[in-house]
Protein chains: 2
Amino acid sequence: MITNSGLVVLSVTAKRAAVEILSLPQSGSFAVKASHLGKSARTRARLIDAALFVFARQGLDAASINEITREAGIANGTFYLHFKDKEELAAVVAFSVVAEIVTEIEAAMAGIDDAVERISRGTRHFIHTAFGRIDWGWTFFRFFWTLPQLRREVAQYLRQDIELGVVQGVFTVTVDDFLVEMVGSLVNSALFAQMNGTVGSEAGSRAAELQLRLLGVDPDRAREVAWRSLD
Amino acid sequence: MITNSGLVVLSVTAKRAAVEILSLPQSGSFAVKASHLGKSARTRARLIDAALFVFARQGLDAASINEITREAGIANGTFYLHFKDKEELAAVVAFSVVAEIVTEIEAAMAGIDDAVERISRGTRHFIHTAFGRIDWGWTFFRFFWTLPQLRREVAQYLRQDIELGVVQGVFTVTVDDFLVEMVGSLVNSALFAQMNGTVGSEAGSRAAELQLRLLGVDPDRAREVAWRSLD
DNA sequence: CTCATAAATGAGGGTAATCTCAATTTCCCA
DNA sequence: TGGGAAATTGAGATTACCCTCATTTATGAG
């Protein structure tokens, strides 16, 4: 029998956290990640998960704080202990999603130096994972035009690869905010088209092919790269 | 002295309509057009103008019926005599805007048969006039992703010219809903970029150039056509 | 196990929006 | 010009949301 009080307490806490997670309608990824942290961090994570769920379906304006806390299984007033208002939570949610997706993409693209390949794979991976975790996809889409910070975040990543391509002599464009935003919005539009059913799983390749053409890559090369198997 | 009662009555009505218009904060174009119609049509037009003003600044969700009627100088309850709800009014507003812009574009493009030229001029004109009447621009942008009918309307026009280009052998793409939606969303994004200050009056030409590249036009030709003076 | 602290609760006050309808005003024909 | 029809008015009933705070519950170090 364990008598070390510290261990006992830790064990009780862990069990409570586990029960919390099991009691969720569908335990989101952020709650799982926070399950070993303190209570405050855990309810914060549950709020983020619930917000992701609600924002994905309703968008920012239509979502109410009441509904998010209900979805999280948390009292209404608790919300204000963690976030100032809906907008603050929205920003956190949006950045969490982008951070998750970017992490996955960077892992998949490590060691690839060809800009044409990077743009193609980046776009394809992005659309694939955003569509795969559909709440990520819808939340990203819904926030893309309402959160300037989100567009800037995306632009930052895209710009590096586009500038790389110009240096490598494969892209024939002048790189500025406008260009980067057009390329970024094309990714967003293609993601929407797939979520909407306008296009199937080929969305990523089709978007990548159009992007490469737009950047000045020869259409034959663009086609070849964009549709090549991703290993 | 005019004694014909019909004429006298008409004159009084016309004067009332004129006073209505002058009393508006800024008499919108739809109210002006309806000034010779019956009273019902006139207040309906005032509602559309006011909605255009409010939607452009607040978007669909944030706008309230109260604010629209206040802006129109009309009692709250009158709204429901003309529209079922905010969404119905929004659809009417969106289609009115598109109809106006399309009318202007078609006038400017009559007699042009080259698909490359048509796509270029259509995009440039669209962005130019939408930005010129800034409420049209913002309202179009705000509704683009929320009203599927609006995207379909735009797609319909674009598709004709894209298919024309394929027939003429100048575009090397497969034309389907996905492609048309990507081209359309690029116009919308470029319009936003200009309204947002990311880019100046060259937005139309830059968007057109990217579009033509994307459709398979040789980059040199794309540049030449997209930046040529519009007469 | 005890207890001070941290966290969560949820009822309730305040605000704002939607929609209705009986009363009023305007319109326009005879 | 009189008067019935058409249109408008705006107060109020209803609903939904935001946010606060006094109270309750959970936590974990000693």
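Modeller: Let's start with helix H3 (residues 39–62) of chain A and helix H6 (residues 86–109) of chain A, which pack at an angle of about 95° with their axes 9 Å apart. Since angles of 65 to 115 degrees count as roughly perpendicular, under 35 as roughly parallel, over 145 as roughly antiparallel and the rest as oblique, H3(A) is roughly perpendicular to H6(A). The axes are lines fitted to C-alpha atoms, for helices over the stretch in contact, and the angles run from 0 to 180 degrees between N-to-C directions. Helices here are DSSP runs (H or I, at least four residues), strands are E runs of at least two, and both are numbered from the N terminus.

Before going on, the ground rules: this is a predicted model, where local features need pLDDT of at least 70 and side-chain atom pairs count only at pLDDT 80 or more, while totals for chains, interfaces and linings use all residues. Residues are numbered from 1 along each chain as its sequence is written, chains are lettered from A and ligands numbered from 1 in the order in which they are written, and side-chain values use heavy atoms, with hydrogens and water left out.

Back to the pair. On the H3(A) side, the residues that meet H6(A) are A:Arg44, A:Ile48, A:Ala51, A:Leu52, A:Phe55, A:Leu60 and A:Asp61. H6(A) brings A:Lys86, A:Leu89, A:Ala90, A:Val92, A:Val93 and A:Val97; contact means heavy atoms within 4.5 Å. By class, this contact has ten nonpolar, no polar and three charged residues (Ala, Val, Leu, Ile, Met, Phe, Trp, Tyr, Cys and Pro count as nonpolar, Asp, Glu, Lys and Arg as charged, and the others, Gly among them, as polar).

A:Ser64, in the loop between H3 and helix H4 (65–72) of chain A, is 22 residues from A:Lys86 in sequence and 7.9 Å from it in space, C-alpha to C-alpha. A:Ser64 is partly exposed at a relative accessible area of 29%, where buried means under 20%, exposed over 50% and partly exposed in between (1.4 Å probe, protein chains only).

Zooming out, chain A comes to twelve helices and zero strands. Of the 231 residues in chain A, 51% are buried. Among its contacts between residues at least 6 apart in sequence, 62% join residues at least 24 apart.

Now the charges. A salt bridge is a side-chain nitrogen of Lys or Arg within 4 Å of a carboxyl oxygen of Asp or Glu, and the structure holds 25 of them over all chains. In one, the side chains of A:Arg118 and A:Asp161 meet at 2.8 Å, N to O. That pair spans 43 residues, from helix H7 (residues 115–132) of chain A to helix H9 (residues 148–167) of chain A, and A:Asp161 is buried at 12% relative accessibility.

B:Arg57 is partly exposed at 46%, whereas B:Asp135 is buried at 17%.

Then come B:Arg228 and B:Glu117, whose side chains meet in a salt bridge at 2.5 Å, N to O. Here the separation is 111 residues, with B:Arg228 in the segment after helix H12 (219–227) of chain B and B:Glu117 in helix H7 (residues 115–132) of chain B. B:Glu117 is buried at 10%. Over in chain A, salt bridges with shared partners join A:Glu117, A:Arg121, A:Glu224, A:Arg228 and A:Asp231 into one network.

That leaves the interface. About 2600 Å² is buried between chain B and chain A, with carbon and sulfur atoms giving 64% of it; buried area is the accessible area (1.4 Å probe) that two parts lose on being put together, summed over both. B:Trp145, B:Phe178 and B:Arg213 supply 27% of what chain B buries against chain A, more than any other three residues. Each chain puts 30 residues into the contact. Two salt bridges cross the interface, and A:Asp176 forms one with B:Arg206, the closest N and O atoms being 2.5 Å apart.

B:Trp145 also touches A:Phe141, which, leaving aside its neighbours within four places in sequence, contacts A:Asn188, A:Phe192 and A:Met195 as well. A:Phe141 lies in helix H8 (residues 134–144) of chain A and is buried at 7% relative accessibility.
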